[in-house]
Amino acid sequence: MTSPAADGAPTPRDTDVSEDDLVTVSIDAEKCIGSGTCEMFEEATFVIPDDGVVAEIVGAGELPRDRAVSIIDRCPSGAISFVAPG
Amino acid sequence: MTSPSPLGELAPNVTDDDLYAVDIPHERFAQMRSTPGLLWHPHGDNGFWAVTRHADVREVSKDADTYSSAIGHTNLWDLEADALEARRSLIDSDAPDHTRLRRLVAASFTPKNIRLWDQTVRDITRELLDEFVAASSGDWVGMVAAPLPIRVILTMLGVPLEDADYLVELSNYLVEGTSEQQSIPPEAFGNTTELRLLPFNSPASHALFEYGEKLAELRRRDPQDDIVSMLVQAETDGEELTGSEFKNLFHLLVFAGNETTRTAISHGAVALADHPEQWQRVVADPGLVESATEEVLRWATPVLHMRRTARTNCELAGTSIAAGDKVVMWYASANRDEAMFAAPQNFDVGRVDNEHYSFGGGGPHTCLGAYLARLEIAVLLEQMAERGLGLERLGEPVRLPSNFVRGVVSVDMAIRAT
């Protein structure tokens, strides 16, 4: 309910971010309001299908950590989150 | 009334409508931002917590579980239960109703789908600029800022363009309803509904409801490729949308689709006329259109505040808030927060990291039309820059005396070569 950083999620300042540092994200379909923000900024990872209104993950849902943090923050409905490792 | 503020401090008055006929009371907001905790602002026979800092607005905006939009009202005053139900729209809803309603229209307003209207926006903008250039001077609001967004949203909704003037007229009366000054009688437009049951307490809402229902009936019989057809289809498909929900959603799309962007374009024009050196930068480097668009949005702050109501006891900025308290997010203040923006009092078309809250502070109620508004403003700036059109202000803007919508009634402008 607060910013991702307050939830203990990593922020870009925590580590040196490299392109290799991939994380996995998921979408809470109950929360998504279909703003399309994720699709606009990260079209390789998110899509709103032509016959739907809720965003879906493309492929494995992996993206660099810094961009994941950014899109989690930008999503207006707070529907995107990290998938806990393991 | 006693103040529930732990500091015993009251906020300076920022709700007096007459203040806004002059300008946003920036000094009062600055004073409130620099006071630790939240200030209690008396209002009517009660009051509200005034949230003025950027970071605090964000916290309230994003936490829709704690800060409800469905309780009381999203304006400063409470509505009686029957009025709230009759007037309930996307804005006054919480999940799951909000999620369901928002999803019905969300697809039409995604960045990807808004891009489909690019050419329509370009054509309408070119036509309006041609007319303004031919006239060489006139009321910028009436000639450009008002017709541009209304023509676009009416095209998307499927409203015949010959009805545009009528809907602009209705919309103007609705804006009056956000202030204390209404110029039409309760029975205007054949209205028989009690005003308290109508959005903005305005008889123009009755006329807009009626118009929307007639259009819906036409589209039920003969569906077109437009938003109203899509909504009536949803209505018949799965009872996803009640009659009252349709009326209020149509009302919201017409009102929000034109009034807010019109305000942004009006204040934007004033800012560019008053800061010719900033406009020169855009003319010289069209790559600045994107950041100039964001700065126009920050500078304009078309919606000055939105209210939430605490669902539970909670704490914000170290201040305890009781369940049921009104919590008001002042975008007018957040957009000038020194902690967020470098030199916030400067209009800077090249501003970077411009996280303004003119579309709200994040969360599920983030402006549905944000990408449409951005497209309209950007196309206007781009075409003006391409043509080398500058603006000169011929008089003071006539501002709406409203603490809610930062409306510009009219402002006379003349074309000036850049």
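Which helix of chain B lies across β9 and β12 of chain B? Helix α13 (residues 243-274) does, running at about 90° to β9(B). Axes here are lines fitted to C-alpha atoms, for helices over the stretch in contact, with angles from 0 to 180 degrees between N-to-C directions; contact means heavy atoms within 4.5 Å. Helices (H or I, at least four residues) and strands (E, at least two) are DSSP runs numbered from the N terminus.

This is a predicted model, in which local features need pLDDT of at least 70 and side-chain atom pairs count only at pLDDT 80 or more, while totals for chains, interfaces and linings use all residues. Residues are numbered from 1 along each chain as its sequence is written, chains are lettered from A and ligands numbered from 1 in the order written, and side-chain values use heavy atoms, without hydrogens and water.

In chain B, an open sheet of 3 strands has the order β4-β12-β9, with antiparallel pairing; two strands pair if DSSP finds at least two bridges between them. Because β4 (137-139) and β9 (389-393) of chain B each have a single partner strand, one side of each lacks a neighbour in the sheet. Between β9(B) and β12(B) (residues 412-417) there are 5 bridges, and Leu389(B) stands opposite Ala417(B).

Chain B also touches chain A, through 19 residues from chain B and 22 residues from chain A. Between the chains there are 4 salt bridges (a side-chain nitrogen of Lys or Arg within 4 Å of a carboxyl oxygen of Asp or Glu). One of them joins Lys62(B) and Asp73(A) (3.5 Å, N to O).
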